[in-house]
Amino acid sequence: MTSTEGKVGGANGSYTTDEIMTVAASRELEDGVVCFVGIGLPSEAANLAKATHAPGCVLVYESGTIGAKPDVLPLSIGDGVLAKRADSVVPVPEVFNYWLQAGRIDVGFLGAAQIDPFANINTTVVGPYDSPKVRLPGAGGAPEIAASAKEVIIMLRQKPRAFVEELSFVTSVGHGKGGNSREELGYAGAGPTVVITDLGVLRPDPETKELTLVALHPGATVEAAREATGWELKVADEIATTDPPIDEELEVLRDLRARTEARRKGTAG
Amino acid sequence: MAEVVELREAIAGSVKDGDSVALEGFTHLIPSAAAHEMIRQGRKDLTLIRMTPDLIYDQMIGMGCAKKLVFSWGGNPGVGSLHRFRDAVEHSWPAPLEIEEHSHAGMANRYVAGASNLPFAVMRGYVGTDLLKVTKTIAPVTCPFTGEKLMAVPTMRPDVTVIHAQQADRRGNVAIWGIVGIQKEALLSARRSIVTVEEVVEEFEPRPFQVVLPSVAVGAISVVPHGAHPSYADGYYDRDNAFYEAWDLIGRDRGRFQEWMEHHVLGTEDFAGHLQSIREEVIR
């Protein structure tokens, strides 16, 4: 099983490394939880979870849609499809103050441009702030999601440019400088509990809070994970292997993507 | 009391060079027509305020309308970068752009303080982030009752707020439904306001989650059908995702951007003319 062009062979036929990442992330979401969903990869994984093992989870988007049930994946965080069958639609200050800050969110589900060994996130700049090499979009809702959700799931593709030893800018706090530094900052939520990538699964060490590789997706290797990480990656003594996607997961995910693509083309122009 | 006027007149009457201007609409109901009219009228030195700058501020920044941007997320949603915004920050083109950035929660709370006539808002968050280092408008505050350390952000009082809504009624009340975003707070925090609407109706129908802004809180109303394009208006038209994708290529290149703006915005009389102009290009 080699991974050429992101394809992985498995008992259930072939699937891409992005698909196994999305499937693995979706499995982290338990049924019934209230989940604050970031756009892009997290939104896909959260909707896959809701359509498979977690029909009772409540998806909250920062545009103010609570209990969103999109039939296709939204391209933006405020697509009409999010409001259409939502349990409620509230103004933006309410979703941040009454829901997130008030502790009503069980799981925050975030993407990231860059992450460091303690799962702090940068989405602001690469290079110096005043003369950035790359100006990224900025904070959005992430700092408060990272602060106030009871726990945080992060997903992003693993590569040296994204997994960096030191961030140019800390936009959202994960485990700060490690140890109990997050607690000392006074944050209510537990912070990132898992990072899902296209290669495997990382969890913070219970003591040091440094991200540790605990599982690999089928076909991925420790060597590949190390090469894709910009610091000396900690690896657990025993590495698990992610269960390959079951047929239902792949079918639902592909169907969701196909319907999304069809809808996008349908409204184009 | 709201007054119905042509958009050209509303912008000319309410927006001056150097003003702080908030054009709000969270992905939904983005006031694109009003942004174009400010570009056509050559407004400059504006402080542009908006949670998600989106294509409208990319265009205004690229056309040299802005001296400062106050924002919380500056990307092309679902597509990638806002290239004119990036060019201004990274290379000072067409002019240096001062930036003041917050999180969404920070911006939302600033508008709430503005609408409530308070000097600042209190919130949790920002602790341990580098935003605290680069943004002067975030500062710690201690609760006088419990001693708890919290964060304060100053009020937001734009000179002018502009929003797009689905409908106004004959008396000048304004109705928005679907994702209602930050529009109510942005409107109530402003000194002056302009609302563009899809249409004027005799009376509103009841709709789930509808927000009605009473006429007394609204300045000028201008009727601009499709005035949010390429954003959408729930109940009227869908988001033009293809346009957002196409903008990535248009906005990427300075020359192509200028040519596009000259042809499709400066070269058109109004927003209806603009829509006609881009439709013709698609057909060709």
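1. The buried residues of H4(B) are His83(B), Arg84(B), Phe85(B), Arg86(B), Asp87(B), Ala88(B) and Val89(B). That makes 7 buried out of the helix's 9 residues, so the helix counts as mostly covered. Buried here requires 20 or more other C-beta atoms within 10 Å of the residue's own; 12 or fewer is exposed, in between is partly exposed, and C-beta atoms are placed from the backbone. Helices (H or I, at least four residues) and strands (E, at least two) are DSSP runs, numbered from the N terminus.

2. This is a predicted model: local features need pLDDT of at least 70, side-chain atom pairs count only at pLDDT 80 or more, and totals for chains, interfaces and linings use all residues. Residues are numbered from 1 along each chain as its sequence is written, while chains are lettered from A and ligands numbered from 1 in the order in which they are written.

3. What do the buried residues of H4(B) pack against? Strand S11 (134-135) of chain A is one partner. Within chain B the partners are helix H3 (54-62), strand S6 (80-81), strand S7 (98-101), H8 and helix H9 (254-266). After H4(B) comes Ser92(B), with a positive phi near 55 degrees.

4. Now the interface. 47 residues of chain B are in contact with 42 residues of chain A. Contact means C-beta atoms, placed from the backbone, within 7 Å. On the chain B side, H4 (83-91), H5 (104-115), H6 (131-134), H7 (183-189) and H8 (241-252) each supply at least two residues. H5(B) gives the most, with 5 residues.

5. Chain B also holds an open, antiparallel sheet of 3 strands, ordered S8-S10-S9. Strands pair if DSSP finds at least two bridges between them. S8 (120-123) and S9 (139-142) of chain B are the edges; each has a single partner strand, so one side of each lacks a neighbour in the sheet. Neighbouring strands are turned by 45 degrees against each other on average, direction ignored.

6. S9(B) and S10(B) (residues 149-154) run antiparallel, joined by 4 bridges. Thr142(B) has Lys149(B) in S10(B) as its bridge partner. H5(B) lies across S8 and S10 of chain B, at about 135 degrees to S8(B). Axes are lines fitted to C-alpha atoms, for helices over the stretch in contact; angles run from 0 to 180 degrees between N-to-C directions.

7. Chain A has an open sheet of 10 strands with mixed pairing, in the order S6-S5-S4-S3-S7-S12-S13-S14-S15-S16. S3(A) (residues 34-37) and S7(A) (residues 107-110) pair in the parallel sense over 3 bridges. Phe36(A) stands opposite Gly108(A) in S7(A).

Notes. Contact = placed C-beta atoms within 7 Å.
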